[in-house]
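Dear colleague,

I am handing over the structure that we spoke about, and it is placed just below. After it you will find my notes, arranged by topic, for you to read alongside the model.

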Amino acid sequence: MATVLALSGSPSRTSRTALLAEHTASDLRSRGHRSFVLALRDLPAAALLSADTHDTSLARAVDLVAESDALVVATPIYKAAYSGLLKTFLDLLPQHAFAGKPVLPLATGGSPAHVLALDYALRPVLTALGAQVTQGWFVLDRHITTAPDGAMTLDHNDELKLANVTDQFVLALPSRTLLTAA
């Protein structure tokens with residue numbers, strides 16, 4: 001069982017990206033992994049902008065990254081790049097914060113023209129942090145719907161593709177075996 005931290009890089013309170021991150025974290029929990037979502041928008045803005053890692057909330061967020069076995073990094077795509085909020089958080093992490101950790105990149109956006117942002121904008125920075133980046137997935141905003149109770153539904157094809165990239169991510173997760181006394 002691995003511990004997976006899902007970073008939600010959307011600044012919006014009504015974020016499809018956040019729903020996608022939670023959906024993926026829930027899928028990982030159903031597969032027996034511990035998974036948590038950290039909504040970066042909930043971190044204190046002043047501490048983020050000044051890279052004040054002594055701030056208690058920010059220090060805890062950095063610790064969560066260090067303590068995780070793997071990460072899901074979910075971001076909306078704005079102007080062909082991942083969110084500034086995500087960039088700000090990634091910039092304050094230590095140089096090799098993701099060293100040896102599998103990372104599943106996920107993105108949402110309004111146009112298929114943004115799909116390349118996963119490989120040309122996000123993947124390089126994740127790699128620079130030392131991540132073992134698995135194949136990611138881009139979901140069009142219009143393919144994510146929410147019910148009045150807040151439940152999320154993905155377009156059928158996106159659900160299948162997301163399950164496929166999540167399967168590949170799970171294969172990259174470190175396995176932990178418990179030693180038992182004989």
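This is a predicted model: local features need pLDDT of at least 70, side-chain atom pairs count only at pLDDT 80 or more; totals for chains, interfaces and linings use all residues.

Residues are numbered from 1 along each chain as its sequence is written, and side-chain values use heavy atoms, with hydrogens and water left out.

The chain as a whole

The secondary structure of the chain comes to 6 helices and 9 strands, where helices (H or I, at least four residues) and strands (E, at least two) are DSSP runs numbered from the N terminus. The radius of gyration of the chain is 16 Å, close to the 16 Å that the globule rule gives for 182 residues, so the chain is as compact as a globular protein of that length; this radius is taken over C-alpha atoms, and the rule is 2.2 Å times the number of residues to the power 0.38. Taken along the principal axes, the C-alpha atoms fill a box of roughly 55 × 40 × 35 Å.

Of the 182 residues, 45% count as buried, a term that stands for under 20% relative accessible area, with exposed meaning over 50% and partly exposed in between (1.4 Å probe, protein chains only). Among contacts with a separation of 6 or more, residues 24 or more positions apart account for 78%, contact meaning heavy atoms within 4.5 Å.

Two buried residues

Thr17 lies in helix H1, which covers residues 16–30, and it counts as buried because its relative accessibility is 2%. Its side chain makes a polar contact with the side chain of Thr108 at 2.5 Å; such a contact is a pair of N or O atoms within 3.5 Å, and within protein one must be able to donate a hydrogen and the other to accept it, while residues adjacent in sequence count only if both atoms are side-chain atoms. Once neighbours within four places in sequence are left aside, Thr17 is in contact with Ser8, Ser10, Ala74, Thr75, Pro76 and Thr108.

Leu92 lies in helix H4 and is likewise classed as buried, because its relative accessibility is 13%. Not counting residues up to four places away in sequence, Leu92 touches Leu48, Ala51, Thr53, Leu58 and Val62. Leu92 and Thr53 are 39 residues apart in sequence, and their C-alpha atoms are 7.7 Å apart in space.

Salt bridges

Side chains of opposite charge can pair when their charged atoms come close. The structure holds 7 salt bridges, each being a side-chain nitrogen of Lys or Arg within 4 Å of a carboxyl oxygen of Asp or Glu. One of them joins Arg29 and Glu22 (2.5 Å, N to O); Arg29 is partly exposed at 37% relative accessibility, and Glu22 is partly exposed at 33%. In the bridge between Arg60 and Glu67, the closest N and O atoms are 3.2 Å apart, with Arg60 partly exposed at 40% and Glu67 partly exposed at 48%.

Asp91 and Lys87 also meet in a salt bridge (2.9 Å, N to O), and both lie in helix H4 (residues 84–92), 4 residues apart, about one turn of the helix. Asp27, Arg31 and Asp167 are linked in a network of salt bridges.

A loop and a surface patch

In the loop between strand S3 (70–78) and strand S4 (81–82) sits Lys79, which has a positive phi near 50° although it is not a glycine and which counts as exposed at 82% relative accessibility. Ala80, found in the loop between S3 and S4, has a positive phi of about 65°, again in a residue that is not a glycine, and Ala80 is partly exposed at 49%.

Finally, Val115, Leu116 and Tyr120 make a nonpolar surface patch of about 340 Å². Patches are made of residues with over 30% relative accessible area and no salt bridge, like charges being joined within 9 Å and nonpolar side chains (Val, Leu, Ile, Met, Phe, Trp, Tyr) within 5 Å. Tyr120 is found in helix H5 (residues 117–128) and is exposed, with a relative accessible area of 66%.

With kind regards

Notes. Accessible areas come from the Shrake-Rupley method with a 1.4 Å probe; for residues, only the protein chains shown count as cover.
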